[in-house]
Amino acid sequence: MKKFSRSARVLTGTAVAATLAAGTFGALSANAATPKTTPAPAAASSAAKGNTTQSTHLTVEAATKAAKAALDEAKKNNQRVSVAVVDRNGNTVVTLRGDGAGPQSYESAVKKAYTAVSWNAPTSELAKRLTNAPNLKDIPGTLFLGGGAPVAVKGAPIAGIGVAGAPSGDLDEKFAQAGVAALGR
């Protein structure tokens with residue numbers, strides 16, 4: 001059996017100790033990161049103190065119904081459009097691109113829906129505000145052209161419907177309003 005020098009034994013012992021310490025620390029770290037399976041009591045009491053809110057959202061089925069109604073109205077008028085429905089937060093819920101709709105219509109419909117729900121107003125009305133506040137058009141994700149209609153419950157916006165692709169914003173908005181009307185049936 002070969003004998004090691006004192007310094008070699010000290011180095012080997014230090015390396016073994018460091019390895020064991022790292023393994024123990026890793027096990028403790030992994031153990032500390034394990035999430036609790038029960039909710040903290042403070043969270044439940046926070047909700048009771050009025051620290052939360054609820055909001056109303058369209059179901060996917062309702063959003064699809066509204067989008068289809070808007071697309072059908074456009075088809076009756078021989079128009080090729082895209083339709084988008086966004087939720088209260090501006091997230092896209094449903095989009096339908098009609099047969100033959102232009103490539104720009106998809107993104108424009110989403111932006112019109114986002115704009116309508118953001119201000120809880122038809123985008124044709126919002127476009128008129130650009131005269132007094134031209135910088136509104138610089139807000140990312142918005143499009144101040146006719147074709148967007150808000151969906152509201154008790155006066156609060158819960159969704160926006162945007163239509164794009166017809167030759168005028170008035171027609172686009174007419175089709176978006178048909179989508180809003182379909183939700184009342």
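Two strands count as paired if DSSP finds at least two bridges between them. Strands (E, at least two residues) and helices (H or I, at least four) are DSSP runs, numbered from the N terminus. By these terms, the structure holds an open sheet of four strands in the order β2-β1-β4-β3, with antiparallel pairing. β2 and β3 stand at the edges with a single partner strand each, so one side of each has no neighbour in the sheet. On average, neighbouring strands of this sheet are turned by 15° against each other, direction ignored; axes here are lines fitted to C-alpha atoms, for helices over the stretch in contact, and angles run from 0 to 180 degrees between N-to-C directions.

This is a predicted model, in which local features need pLDDT of at least 70 and side-chain atom pairs count only at pLDDT 80 or more, while totals for chains, interfaces and linings use all residues. Residues are numbered from 1 along each chain as its sequence is written, and side-chain values use heavy atoms, with hydrogens and water left out.

The pairings can be taken in turn. β1 and β2 (residues 92-97) are antiparallel and share five bridges; in one of them, V85 is partnered with V94 of β2. The two strands form a hairpin with four residues between them, and G90 in the turn has a positive phi of about 85°. β3 and β4 also run antiparallel, joined by six bridges. There, A152 has P157 of β4 as its bridge partner.

After α3 comes N78, with a positive phi near 55°.

Helix α4 (residues 103-119) lies across β1, β2, β3 and β4 and runs at about 155° to β4. Among its buried residues are S105, K112, A113 and T115. N120, which follows α4, has a positive phi near 50°.

A nonpolar core is a set of buried Ala, Val, Leu, Ile, Met, Phe, Trp, Tyr and Cys residues joined through side-chain atoms within 4.5 Å. The largest one has 19 residues, of which V81, V83, V85, I161, V163 and F175 touch the most other members. Two or more residues each come from α3 (60-76), β1 (82-87), β3 (148-153), β4 (156-164) and α6 (169-183). α3 gives the largest share, six residues. Beyond its neighbours within four places in sequence, I161 is in contact with residues including A66, V83, V85, A113, V151 and V180.

D172 is in helix α6. Is D172 buried or exposed? D172 is buried, because its relative accessible area is 2%. Its side chain reaches the backbone nitrogen of A166 at 3.0 Å. Leaving aside neighbours within four places in sequence, D172 is in contact with V81, K112, G146, G147, V163, A164, G165 and A166.

Methods:
Buried means under 20% relative accessible area, exposed over 50%, partly exposed in between (1.4 Å probe, protein chains only). Contact means heavy atoms within 4.5 Å. A polar contact is a pair of N or O atoms within 3.5 Å; within protein, one must be able to donate a hydrogen and the other to accept it, and residues adjacent in sequence count only if both atoms are side-chain atoms.
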